[in-house]
Amino acid sequence: MYEGAVQELIDELGRLPGIGPKSAQRIAFHILDADAEDMTRLAASIQLVKEKVKFCEICFNISEQDTCAICRDERREGSMICIVEESKDVLAIERTRAFGGRYHVLGGSINPLAGVGPEQLHIRELVTRLADDSITELILATDPNLEGEATAVYLVRALAPLGIKITRLASGLPVGGDLEYADEVTLARAFEGRRVAGRAAAPQVAPQLPAPEPRTEVPARGKPEAGESTSDHPVDAQTQQRFVVPEMDDHRSATR
Amino acid sequence: MSRSGFASKSYRTRGIVLRTHKLGEADRIITLLTPNGIVRAVAKGVRRTTSRLGATLEPFMEVEAQLVMGRNLDIVSQAQLRHAYGQLLVADYPSYTVANAMVEIAEKLLEADSDSTLRQYRLLHGALALLSKLAVEPGAVLDSYILRALSIAGWAPSFTSCVRCGKPGPHEALHVQLGGVVCADCRPSGSLSPHPVTIQYLQALLEGDWDAVALAGPRARKQAAEIVANYLQWHLERAVKSLRHVERS
């Protein structure tokens, strides 16, 4: 144990993500050795971040003002809203420069095991935002993992009645890999989201421009027709058939 | 003993992924229910988009995994998908919430008792398979799973004969803490008097008689769900977080 202030610093540093007691000690001693001016600057910037940075009132992205720079920017397309889980995802999409619309940050994904349900996310605020008629498309850009997928399914179900076009980011094979090494789930998704690369020989002589990329709407799943259990994807139906699933009834004897 | 120290420390098992936690920058801790017990293992780099393991080690997937023993946690070196329940369950939101509750209950039950792991594994596997077929109402699968998982853990309820004196039923009163129906003579204070149909429905859930389950009305389902949740709470002594988020039709 060190004396008062040093130990307190070590304890505080140790609470940061990925920093154990040894690293905390090393950083604390680095701070002790370092230039007083540098360290004051570090302390000031931590303080400033906590004081100034808040969430945008419209999209819940981090911002220093009431609304964030993206929401304030008049040049951005107001008709498209990209729905993401965290502010970090906004940055990731902004880096691509492929999207010129606005965002909505949910603040996480539906994960009942962690106690996060739809009520804990900024979904109500999103619905309020959609009252604006100029919005024509919603792009679901939640993480392509199970929680993100569940959030997307929930949103499609909740927002479909509003009659706005809803699209989901494509997922499939990474560029530069071998097909044989792709995992089953990703490969199946790549089949689901395949797009037209060329059409049957057209009568025109002039070479045709490639067909516009089809934007498939996410089908409103979760409400299967009576007696129909598979979704409308042929791949899904196949995969389901392939599974030899054990019946729950097999274990009926276990309870007796 | 194998000559190579490395090979002797790796093993192969099948298992159902119960939950995942983020670890460090791109890793995840995977909680795997195997036929021999719960294993916690690190899957390196699965959060990167280039990872091949990422999609395989998602919750509710049944996998065949190769693990290397570590000091605290094992490390997943390879994994192959056996049944992709996760992908099927996530397409239906109520099923997804039910599956979350089931894996949480399985984890909590097996932390306390490891004798019945294989039977719990089979039950969970069967329940996830049934759920992913969307053939039965998800809420009913959950209630049936809870009753049967508790039975395997040694807390089998009785909905036919009196739990105190064993007098054959049908009886009208039900006592959650005692674990089932009680006859008019044994009936302690605090007993519930559910509708007779509810008691028949509970029995059908316990047996997995899906034809009988399908016939039950919404009131019996609601009443039964409350009884099952209380029964679970009484024995588990801890709150099941995801139960609150279960969506019932």
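Q: Is Arg12(B) buried or exposed in this model?
A: The model is predicted, so local features need pLDDT of at least 70 and side-chain atom pairs count only at pLDDT 80 or more, whereas totals for chains, interfaces and linings use all residues. Residues are numbered from 1 along each chain as its sequence is written, chains are lettered from A and ligands numbered from 1 in the order in which they are written, and side-chain values use heavy atoms, with hydrogens and water left out. Buried means under 20% relative accessible area, exposed over 50%, and partly exposed in between (1.4 Å probe, protein chains only). Because its relative accessible area is 58%, Arg12(B) is exposed.

Q: Which residue forms a salt bridge with Arg12(B)?
A: A salt bridge is a side-chain nitrogen of Lys or Arg within 4 Å of a carboxyl oxygen of Asp or Glu. The closest N and O atoms of the pair are 3.5 Å apart, which makes the partner of Arg12(B) the residue Glu64(B).

Q: What is the relative accessibility of Glu107(B), which forms a salt bridge with Arg40(B)?
A: In the pair of Glu107(B) and Arg40(B), the closest N and O atoms are 2.8 Å apart. Arg40(B) counts as partly exposed, at 35% relative accessibility. Glu107(B), by contrast, counts as buried, with a relative accessibility of 7%.

Q: How many residues does domain 2 of chain B give to its contact with domain 1 of chain B?
A: An automatic or database domain assignment sets the bounds, giving domain 1 (10–86) and domain 2 (88–238) in chain B. Contact means heavy atoms within 4.5 Å; domain 1 of chain B contributes 19 residues, and domain 2 of chain B contributes 18 residues.

Q: How many salt bridges does the rule find across the interface of domain 1 of chain B and domain 2 of chain B?
A: Side chains of opposite charge can pair when their charged atoms come close. The side chains of Glu107(B) and Arg19(B) meet in a salt bridge at 3.1 Å, N to O. Across the interface of domain 1 of chain B and domain 2 of chain B, the number found is 3.
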